[in-house]
Amino acid sequence: MVRPFMLTGGRTQPVQDGIRIETQLHAAPAALSAPLRFEARRIVELCQIPRSIADLSSALGVPVGVVRVIVADLVAEGHVLVGHEPGEISTALIERIRDRFRAL
């Protein structure tokens, strides 16, 4: 088992604020050829279809804070794009997030 702080290089805060757990992320297929490490590569693979931070956390089995730090790095490097959805969050999305957190 790898400690969460090892995945983020000891950082606990993302380099970019404003990435919430329901933020939808997607990665271009070209990002798959980037030289990325383990979790970062897996995030790019999973984000070939839009996913939220909560979805990624559940899929990777790591805390949300760790995923936020890794995703912020990927966004800063241009490998992952943040999709801003206007308006309120749907009930279905809230329920999906709740279910994913319970699964953790």
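A crossing is left-handed if the near helix is turned anticlockwise from the far one by less than a right angle, and right-handed if clockwise. The model is predicted: local features need pLDDT of at least 70, side-chain atom pairs count only at pLDDT 80 or more, and totals for chains, interfaces and linings use all residues. Residues are numbered from 1 along each chain as its sequence is written, and side-chain values use heavy atoms, with hydrogens and water left out.

**View 1. Helix 2 against helix 3.** Helix 2 passes helix 3 in a right-handed crossing. Helices (H or I, at least four residues) are DSSP runs, numbered from the N terminus. The axes of helix 2 (residues 38-46) and helix 3 come within 11 Å and cross at roughly 125°. Axes are lines fitted to C-alpha atoms, for helices over the stretch in contact, and angles run from 0 to 180 degrees between N-to-C directions. The two helices are therefore oblique to each other (under 35 degrees is roughly parallel, over 145 roughly antiparallel, 65 to 115 roughly perpendicular, the rest oblique).

**View 2. Residues joining helix 2 and helix 3.** Arg-42, Ile-43 and Leu-46 of helix 2 meet Leu-56, Ala-59 and Leu-60 of helix 3 (contact means heavy atoms within 4.5 Å). By class, this contact has five nonpolar, no polar and one charged residues (Ala, Val, Leu, Ile, Met, Phe, Trp, Tyr, Cys and Pro are nonpolar; Asp, Glu, Lys and Arg charged; the others, Gly among them, polar).

**View 3. Helix 3 against helix 5.** The axes of helix 3 (residues 53-60) and helix 5 (residues 91-103) come within 9 Å and cross at roughly 25°. That makes helix 3 roughly parallel to helix 5. Their crossing is left-handed. Helix 3 contributes Ala-54, Asp-55 and Ser-58 to the contact; helix 5 contributes Arg-96, Ile-97, Arg-100, Phe-101 and Ala-103. These residues divide into four nonpolar, one polar and three charged.
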